[in-house]
Amino acid sequence: MNPDKIRNILNILFLIGALCSLLTYFLVDDKKVFIYVCGAAIFVKMMEFFIRFTNR
């Protein structure tokens, strides 16, 4: 699969995760849920970041 296509998919997943993080911060009383969702979104972004710099 093309690395650019993988990066685009990971970026879309990150944006969805960031939106979910924002919603859970304001809508859920337990902040642990926010930390887990935000951590997952950051992990996806880091994967995209490493793909970007290893495929040059």
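The expected span of a helix is 1.5 Å times one less than its number of residues. The legends below apply this definition to a predicted model.

**View 1. Helix α1 along its length.** Helix α1 comprises 25 residues, and the distance from its first C-alpha to its last is 36 Å, close to the 36 Å expected at 1.5 Å a residue. Within this helix, Leu 10, Gly 17, Ser 21 and Thr 24 are buried. The cover over the buried residues of α1 includes α2.

**View 2. Arg 7 in helix α1.** Arg 7 belongs to helix α1. Because its relative accessible area is 22%, Arg 7 is classed as partly exposed, given that buried means under 20% and exposed over 50%. Apart from neighbours within four places in sequence, Arg 7 contacts Glu 48, Ile 51 and Arg 52. A distance of 18 Å separates the C-alpha atoms of Arg 7 and Leu 19, which are 12 residues apart along the chain.

**View 3. Glu 48 in helix α2.** Helix α2 spans residues 31-54 and contains Glu 48. Glu 48 counts as buried because its relative accessibility is 1%. When residues up to four places away in sequence are set aside, Glu 48 touches Arg 7, Leu 10 and Asn 11.

**View 4. A nonpolar patch on the surface.** The patch is formed by Leu 19, Leu 22, Leu 23, Tyr 25, Phe 26 and Leu 27, which together have about 670 Å² of accessible area. One of these residues, Phe 26, is located in helix α1, residues 3-27. Phe 26 counts as exposed because its relative accessibility is 60%.

Technical notes:
Residues numbered from 1 in each chain as written. Predicted model: local features only at pLDDT ≥ 70, side-chain atom pairs only at ≥ 80, totals over all residues. Heavy atoms only, no water. Patch = residues over 30% accessible without salt bridge, like charges linked within 9 Å, V, L, I, M, F, W, Y side chains within 5 Å. Areas by Shrake-Rupley, 256 points an atom, 1.4 Å probe, with all protein chains shown as cover. Salt bridge = Lys/Arg side-chain N within 4 Å of Asp/Glu carboxyl O. Helix = DSSP H or I, 4+ residues; strand = E, 2+ residues; numbered from the N terminus. Buried < 20%, exposed > 50% of the residue type's maximum accessible area, 1.4 Å probe, protein only. Contact = heavy atoms within 4.5 Å.
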